[in-house]
Amino acid sequence: MEKQYWQSLEEYKELNKPTVLEHKESQPEFSIEGLDESEIKGQSSRRDFLKMLGFSVGTVALVSSCQMPIRKAIPLLNQPEELIPGVPNYYASTFYDGNDYCSVLVKTRENRPIKIEGNDMSKITHGGTSARVQASVLNLYDDARLKDPRKREVETDWKTIDRDMMMKLEDMAKAGQKAILLTSTIISPSTRELIKEFTATYPNIEWVQYDAVSYSAIRKANELHFGQAIIPSYHFCKANVVVSFNADFLGNWLMPVAFTKQFSSNRKLTNGNKKLNRLYQYESRMSLTGANADYRYGIRPSEESAVLMNLYNEIAKATGGQTNGSHTTTVDVKQAANDLLANKGKSLVVSGTNNLQIQLIVNAINHLLENYGETLDLTRPINLKQGKEADMQRIVKEMNTGNIHGLFVYNINPAYDYADAGAFVSGMLKVPFKVAFSETCDETASLCNFVCTTNNYLESWDDAEPIQGSFSFTQPTVRPIFNTRQFQDSLIKWLGLKVDYSTYMEEYWKAMLDQHQEDTGDFTAFWNKFKHDGVIHHDFDKTDQPKFTNQNLSAQKPSKNGFELVLYEKMSIGTGKYTNNPWLLEMPDPITTATWDNYVCVPVRYADENGLEHEDVVKVNGEMELPVIIQAGQPEGTVSIALGYGRTAAGKAGNGVGKNVFPLMNFKGGYYDVAGNTVTIEKVSGKKYPLALTQMHHNMEGRSIVRETTLPKYKENPSSGNEQHLIDDKNNVTLYQKIDYDGIHWGMTIDLTSCTGCANCVIACQAENNVPVIGKDQVRKRRIMHWMRIDRYFSADPENPDVYHMPVMCLHCDNAPCENVCPVAATNHSNEGLNQMAYNRCIGTRYCINNCPYKVRRFNWYEFVNNNKFDYNMNSELGKMVLNPDVIVRQRGVVEKCSLCVQRLQEKKLQAKMENRELVDGEVQTACSQSCPTGAIQFGNLKDENSVVVQNNKEERMYHLLEHLHILPSTSYLTKVRNKEA
C-alpha cells in the first residue's frame, strides 16, 4: 500500500474512507465571507467582464495599486562620513535577551536598523539565526516601549531619578538595610565586573540571577560528579549518535542556533557523502527535535528516569559498569544502547528535564561512553542559565517577612513568569523601595516605585561570553530613540564614576588583557577589530577533563494515573518576552501550525474516547479554560501547553492573548521543571473557542509532494523514494519553446534532509519584504500574507507519526501558469528567470492565484497600512520605521508573492559591475537562504556549472514539486532521508 501523508487528523480520517475521492467537496482558496453572490458562484456576463476590464485598467490600477504612502524626508545638515543615502551599512553586534544568544550583523538604512543577519565569523552560531532573532528588530520600534523614566507612574527626568537613587542607596547602606539586585543571567564580563564593583560599594545589596525556565539541575549534577557547577559545551557535530530525552535542542533548549548548526552539519548527503548521524528522541510532547528524529518514542514525564536508568544499565552491562535498580517500561532502549556502544566517544546523551536524578544518570551514561573530552567539554562551559531556584525561594520568603528594604529588577519579569508569582507579588508589595530597569512597563515594572527605562539592545554597548573563551561585541546601531539609558550606565552614574559604559568596557578589557598578559599588540587596533568583527575566539591549550566521581543513582517509579502536564516554549514567543511582537504572534507553529493563541494539546486516542473535538474548550484543574488541539504524537497520559501567553502588560498586540500557565510548573526536589505536574482535564459542554491554524490552508490533494526514504535504501539506490522523478523527467514534453538564458538564471534548492522546519526563514522573509501582519480573524479566513510557508505533513500512526517539513514559496517557473492568464500582464518573466510582479499594473482579478498549483500567491484584501482595524507595526510612525525602503509597501487589491529578494540581486549585481567583475557563487543570498541555520536553502545561478545549486540539481535526490505538470520551476527539492532501518 502506498504511504499516505496528511496535514490534520480530519484529513487522515478522510483518507481512510474508501470513497474519499468520490465525495470530497472542493474548498475555496480563500474565505468567501464578504463576497457578493455573483462572485461566489462565478456568474458574470460578457458585458460585466468588459466593464470590469475597462474600469480596472483605467481606474483601479491608478487609484489603488499605484497609490504610494507619503514618505517624509529631512535633509542632513552635517552628513556623517559613513552614511550614503540608499546604501546600507552593516554593524556586528550581539543578540542576547537573558535567555537566547546569537552573534549578528545589523543592517541599517540611513542609521535605521531594518534587518538582522547572522555573523558568519562566529565559531558558535556560524551565521545562523532563529525566528526570535530575526523578529527582534521589530521590538526596537514597539509602541509599548517607555519614552521616559518614571517615578510613581509619572514621567520624570534622569536628573530626578539619579538624585533620588543616590540618596536612597546611601541611606540604605548606612542603615544596613538589605537590598536585592535581581537580574537575568548575565554573560557580559564587563557587566559582571561592574555589578561586582556596585555591590562592593553598597555591601548591603545582594546580586541574584533568575531564569524563568531553569536548568540548574544540570549545574548541580556536574558539581556532584566533577566538582564544578557548570553546563558543559555540547558538540553535536562530533556525535554519530544522539539520544535526547525531552531536550528540544533544535527548538529552545540552551543554544538552539548553535546546536542546529552543529547537528545539521552531519545531515548532508551531497558531494558523494553517504553518512548521516542518527537521532533518538524520547519525549513527552511532539517537539521540533522529535519531529526531526530518526526514531521517536513518546513517554510520560514520570517515565523518563526509569527509561534512562534502563538505558544506563544496558550500557553498564556491556562496559563492565555497576547496574542499578530500575522499573520496567514498555519503551525500547536496546537499539539506542547498541548504537551508543558502537559509537563510544562519538555519541551524546542529553536531557532537558530540570531534575537532579535524571541529570546524574545522563552524566553517568556519557561517562561510560567516554564522551567527555569529545562530544562534551567541561573545560569550556556554557555561561547561560546561571539562576538557582533556592536563591529565588529565599528572596521571596525574605520579602514576605519584611527583611528586604530595596529591590532592583533588571531584564526579568517574575511578577508574570515566576512559578509562584503570587508569593513574589505579595512579597514585592512589602518592599518599600522598588526599582525596575525595563524597556516596557511590564507586570513587574508596574509594581515598582521607579522605572528606569532601558535601551533596546540595538541601542546599547555591551560584550558577551556565552561559552568560556568565546566573546562577542554589542554596539549601538542607532542612537536611543527615546529618553532611555542603559542599565550599566545607571549603575555607573550611581557609583559616581565620570565615564560612560562604552569607556568603562574598553578600560575593563585593557586591564583584563594586561592582567592575563595577553599580547594583542596595539590595543586600539585590537579593540577596533573586535568591534568590526563582533567576535573573538580564544583557543585554549587542550586540558584534561575534571575527574568523574560516582554518585548514587535512582529512578522514579512511573506513574500511570491522571494527566501529566508538559509546558514548553514556542519557537515564536519563548517565555513571553516577545508576546507583543506581532510577527511572532502570527508565525505558524512548526508543529501545530497555530497562530495567536496557546491551547491544550491532547492525545489522539483520549480525544476519540472522550468525544473531544478541535476547538472544544476544557478546564485545566477545574479553573483555567483553554481550547483543545488534538495533537498527533502527543503521548498517552500527557497534555502540553505553551508558555508565554496570558500577559496583562505586554502591549496592544499581546495583552489578553491566551492564558498564563507558569503557575502550573512542577516543583520537585527543590527544582522547578516544565514537565511532570499532574492536572485534570474537564470538557466545558457546548463551548468552543476559535483557533487560527494554517495546516489546511493548502493540502496535497492526493498528489506526490513529500518524498522520503531511509539511509539503507538510499545507499542501495540514490534515487530511492524519488522514482517518480525519473518517470516524469522521461515523459515530459511541451509545445513551449525552452527559454535560453544568457548569463544568469536564478534558482534555489532545498534539502529536506537538513531542513528542520524551524520557521526562521518565514520571519526573515517577512522582515526583508515588508510582509504585513493581518490578525487572527484574517488568518482564520485563509488570508495569511507570508510569502513563504512551512508545510507540515504527517504519515503513519497518528499516535506517533513521522513528520515532514517543507518550505514552499513562489518557485519561479519557466512555464509559469500564472503568466498566461493575467489580463494586464502584471505577472511576467524576466531574462534572469524571475517571475516578476508589477504591482502598479495588477488589478486584482486573482486569475494568477487560481492558476498557481502551489498556491503561493497572496491577495491584499484590505489596506494593512494606516488602518486601525489592523493596528500592528504598520499603523504607527514608529512601527513603520522597520520597513525596508528597497521594497514597496503593497496596497489593497493587488497580488503579491516571493520575488527571490530581487532587491538583493540588483544590489549585488550593481556592486559587481562597479568593481568590474563577475558575481561569485554564494555572494547573492535571499533572506531565507542567508538566515537558514541548517544551510538547507541554497541559492545561486543555474547557468554556473560550479554553483552549489547546479551541483545539488545533479543529485539523484533532486525533484520538483508537481513536475508532471511540466511548468519547470527554478526551485528544486532534495528527497528527505532518515537514518533508520529500512
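How many residues of strand β26 (residues 638-642) are buried?

1. Of the residues in strand β26, 5 of 5 are buried, where buried means under 20% relative accessible area, exposed over 50% and partly exposed in between, with a 1.4 Å probe and protein chains only. Thr-638, Ser-640 and Ala-642 point one way from the strand, while Val-639 and Ile-641 point the other way. Strands and helices here are DSSP runs, numbered from the N terminus, with at least two residues (E) for a strand and at least four (H or I) for a helix.

2. This is a predicted model, in which local features need pLDDT of at least 70 and side-chain atom pairs count only at pLDDT 80 or more, whereas totals for chains, interfaces and linings use all residues. Residues are numbered from 1 along each chain as its sequence is written, and side-chain values use heavy atoms, with hydrogens and water left out.

3. Strand β21 (residues 563-568) pairs with β26 in the parallel sense over 5 bridges, pairing being assigned if DSSP finds at least two bridges between two strands. Within this pairing, Leu-565 has Val-639 of β26 as its bridge partner.

4. A separate open sheet section concerns 4 strands, in the order β12-β11-β10-β13 and with parallel pairing. Because β12 (295-298) and β13 (347-351) stand at the edges with a single partner strand each, one side of each is left without a neighbour in the sheet. Strands β10 (residues 241-245) and β11 (residues 278-283) are joined by 5 bridges, and Val-242 has Leu-279 as its bridge partner in β11.

5. The whole structure holds 46 salt bridges, each defined as a side-chain nitrogen of Lys or Arg within 4 Å of a carboxyl oxygen of Asp or Glu. One of them joins the side chains of Arg-904 and Glu-117 at 2.5 Å, N to O, and this pair links helix α28 to strand β4 (residues 113-118), 787 residues apart. Arg-904 is buried at a relative accessible area of 8%, and Glu-117 is buried at 2%.

6. Arg-300 forms a salt bridge with Glu-564, the closest N and O atoms being 2.8 Å apart. Since Arg-300 lies in the loop between β12 and α11 (304-319) and Glu-564 in strand β21, the pair ties together parts that are 264 residues apart in sequence; both residues are buried.

7. Asp-871 and Lys-652 also form a salt bridge, with 3.0 Å between the closest N and O atoms. Asp-871, at 32% relative accessibility, counts as partly exposed, as does Lys-652 at 45%.
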